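Student: I am new to this structure. Please take one part and look at it closely.

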Amino acid sequence: MDLFDNKDWGEILKPLIEKYRNHRHPLHYGNIYQLLVMVILSAQDRDDHINSLAPAFFDRYPTIDTLADANQNDLLQLLQGVRYHNNKIEWILQTAKIINSKGHIPENMKELITLPGIGRKSANVLLREMGKPAQGVLVDLHVLRVAPRLGITDAKVADDIEKDLMKNLPRSIWAEAGLSISFLGREICRPRNPKHKECLLAESCNFYKTVKS
């Protein structure tokens with residue numbers, strides 16, 4: 001989409017990015033191996049739920065090679081409460097074996113999204129937390145809701161929203177923009193009863209304009 005009103009979204013998002021830049025990631029991981037596993041498990045589940053399971057899981061499987069040697073029945077004991085756990089167990093076992101054979105976790109989008117259970121959303125998270133240059137913009141459930149409300153995009157699906165964000169935001173803020181918008185959605189721009197008066201972006205927000213009118 002081309003911006004309807006030629007807003008400078010890079011400038012508009014600066015206060016939001018400044019607010020959330022140093023926030024801890026919602027998944028409480030200890031290293032990139034742990035984050036890799038947790039982003040797979042967290043799809044269509046709650047981050048706090050995955051956080052609660054993580055300590056016992058990583059006590060049992062502290063490294064990628066210990067996980068690569070595990071089997072589905074072993075993991076089922078620890079992960080049976082995770083949504084779609086059968087698929088996710090298969091994915092993390094396959095991913096562990098692939099990474100163990102290569103000797104390293106990929107550090108670019110092209111390789112990351114070839115891993116079972118890793119799509120662009122998860123890859124964008126991993127690249128940010130690795131400190132690698134952004135190759136896209138995180139679009140999670142919250143960004144999916146908030147970005148169209150703001151007016152940065154009029155797309156409805158994640159891939160199209162990400163394309164619009166990449167087009168309409170300067171590359172220099174890609175790594176922070178997605179997670180900052182996600183935090184805005186978690187804390188302020190809720191699905192119901194968004195807290196417009198507490199929103200840093202209210203005066204630039206298309207959705208807020210419809211509420212005020």
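Student: How many of the 10 residues of helix α10 (residues 141–150) are buried?

Tutor: Seven of them are buried, so helix α10 is largely enclosed by the rest of the structure. Some ground rules come first. This is a predicted model: local features need pLDDT of at least 70, side-chain atom pairs count only at pLDDT 80 or more, and totals for chains, interfaces and linings use all residues. Numbering runs from 1 along each chain as its sequence is written, and side-chain values use heavy atoms, without hydrogens and water.

Helices are DSSP runs of H or I with at least four residues, numbered from the N terminus. Buried means under 20% relative accessible area, with a 1.4 Å probe and protein chains only.

Now walk along α10. Its buried residues are His 142, Val 143, Arg 145, Val 146, Ala 147, Arg 149 and Leu 150. The cover over them includes α1 (9–12), α11 (158–168), α12 and α13 (206–212). Contact here means heavy atoms within 4.5 Å.

Look at the two ends. At the start, a side-chain oxygen of Asp 140 comes to within 3.0 Å of the backbone nitrogen of His 142. After α10 comes Gly 151, with a positive phi near 110 degrees.

Next, turn to one of the covering helices, α12. This helix spans residues 174–187 and holds Glu 176. Glu 176 has a relative accessible area of 16%, so it is buried. Its side chain joins that of Arg 128 in a polar contact of 2.9 Å. A polar contact is a pair of N or O atoms within 3.5 Å; within protein, one must be able to donate a hydrogen and the other to accept it, and residues adjacent in sequence count only if both atoms are side-chain atoms. Leaving aside residues up to four places away in sequence, Glu 176 touches Ile 17, Arg 21 and Arg 128.

Rings of Phe, Tyr and Trp (its six-membered ring) pair if their centres lie within 6.5 Å; planes under 30 degrees apart are stacked, over 60 edge-to-face, the rest tilted. That rule gives four aromatic pairs. One of them, Tyr 33 with Phe 58, is edge-to-face, at 5.5 Å centre to centre and 75 degrees between the planes. Tyr 33 sits in helix α3 (residues 32–42) and Phe 58 in helix α4 (residues 47–60), 25 residues apart. Both are buried. Ring pairs link Tyr 33, Phe 57, Phe 58 and Tyr 61 into a cluster. Phe 57 is buried at 1% relative accessibility, and Tyr 61 is buried at 5%.

Methods
Helix = DSSP H or I, 4+ residues; strand = E, 2+ residues; numbered from the N terminus. Buried < 20%, exposed > 50% of the residue type's maximum accessible area, 1.4 Å probe, protein only.
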